[in-house]
Amino acid sequence: MATQKETQSKNYSARGMELSERVVSINRVSKVVKGGKRFRFSVLVVVGDGIDQVGVGMGKAREISEAVRKGIDHAKKNMIDMKKSGNTIPHPIQGKFGAAEVLIRPAAPGTGVIAGAVVRAIMELGGVKDVLTKVIGRTSNPINVAYATFEAVRGLRTAEEVRRLRGRDSLRSA
């Protein structure tokens, strides 16, 4: 049975920034052995500084505390920059991972984070204040939704990046 649980704590990364962690999902997995059942836990953790860095990680262990520690370590190793335009994202984008698809759209100031629990954790810890999201895939698996959101965030580009990639130095009208 997968349970949804959100806890938050503070930590410091190697770069010296203060990181917050959220345990988004805890899944208990059992294995039947000769003497009975052996339980393990898999934990999905989101780590971010609340400004522009965010990471997602999975941890698996026999105890929840050890699984959370492993998930935090994995998330810290996979941190990326959240591209923003003010308090929102620069453009609409769709992320896909497995059967999960997540649509993320910029929102007007004051809208807030309109999202489910998993996407909300990634957006808030990435420092996004106004965004509209929708899970449009064929799954509600929090792990796939988290990685689909992470793929979408990884694909974000600011206007300056797009101009540079196209070889244009300044704005010019067509």
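Helices (H or I, at least four residues) and strands (E, at least two) are taken here as DSSP runs and numbered from the N terminus. The model is predicted, so that local features need pLDDT of at least 70 and side-chain atom pairs count only at pLDDT 80 or more, while totals for chains, interfaces and linings use all residues. Residues are numbered from 1 along each chain as its sequence is written, and side-chain values use heavy atoms, with hydrogens and water left out.

**Overall architecture**

The protein chain contains 4 helices and 10 strands. Read from the N terminus, its elements follow the order β-β-β-β-β-α-β-β-β-β-α-β-α-α. Of the 174 residues in the protein chain, 41% are buried. Buried denotes under 20% relative accessible area, exposed over 50%, and partly exposed in between (1.4 Å probe, protein chains only).

**Helices α2 and α3**

Helix α2 spans residues 117-125. Its buried residues are V118, V119, A121, I122, M123 and L125. After α2 comes G127, which has a positive phi, near 90°.

Helix α3 covers residues 142-154. The 13 residues of α3 reach 18 Å from the first C-alpha to the last, close to the 18 Å expected at 1.5 Å a residue; the expected span is 1.5 Å times one less than the number of residues. At the start of α3, the backbone nitrogen of I143 has a side-chain oxygen of N141 within 3.0 Å. A polar contact is defined as a pair of N or O atoms within 3.5 Å; within protein, one must be able to donate a hydrogen and the other to accept it, and residues adjacent in sequence count only if both atoms are side-chain atoms.

Most of α3 is covered, with 10 of its 13 residues buried. These are P142, N144, V145, A146, Y147, A148, T149, F150, A152 and V153. A148 counts as buried because its relative accessibility is 0%.

**The aromatic pair**

The structure holds 1 aromatic pair. F97 and Y147 form this pair, which is tilted, at 5.3 Å centre to centre and 40° between the planes. Rings of Phe, Tyr and Trp (its six-membered ring) pair if their centres lie within 6.5 Å; planes under 30 degrees apart count as stacked, over 60 as edge-to-face and the rest as tilted. Distant parts of the chain are linked by the pair, since F97 belongs to strand β7 (residues 93-97) and Y147 to helix α3, 50 residues apart. How accessible is F97? It is partly exposed, with a relative accessible area of 34%, whereas Y147 counts as buried at 19% relative accessibility.

**The largest pocket**

The largest pocket has a volume of about 170 Å³. On a 1 Å grid over the protein atoms alone, a pocket is an open set of points where a 1.4 Å probe fits, with protein on both sides within 12 Å along at least five of seven lines, and lining residues have an atom within 4 Å of a point. Its lining comprises 13 residues, of which G116, A117, V118, V135 and V145 lie nearest the centre. Elements giving two or more residues to this lining are α2, β10 (131-135) and α3. By class, the lining has 7 nonpolar, 5 polar and 1 charged residues. Ala, Val, Leu, Ile, Met, Phe, Trp, Tyr, Cys and Pro count as nonpolar, Asp, Glu, Lys and Arg as charged, and the others, Gly among them, as polar.

**Selected C-alpha separations**

S25 is buried, with a relative accessible area of 4%, whereas S30 is partly exposed at 42% relative accessibility. The table also includes A148, which is found in helix α3.

| Pair | Separation in sequence | C-alpha to C-alpha distance |
|---|---|---|
| A148 and V135 | 13 residues | 9.3 Å |
| S25 and V46 | 21 residues | 9.8 Å |
| S30 and F41 | 11 residues | 8.6 Å |

Definitions and conventions: Grid points are joined across faces, edges and corners, and a volume is the space filled by probe spheres set on the points.
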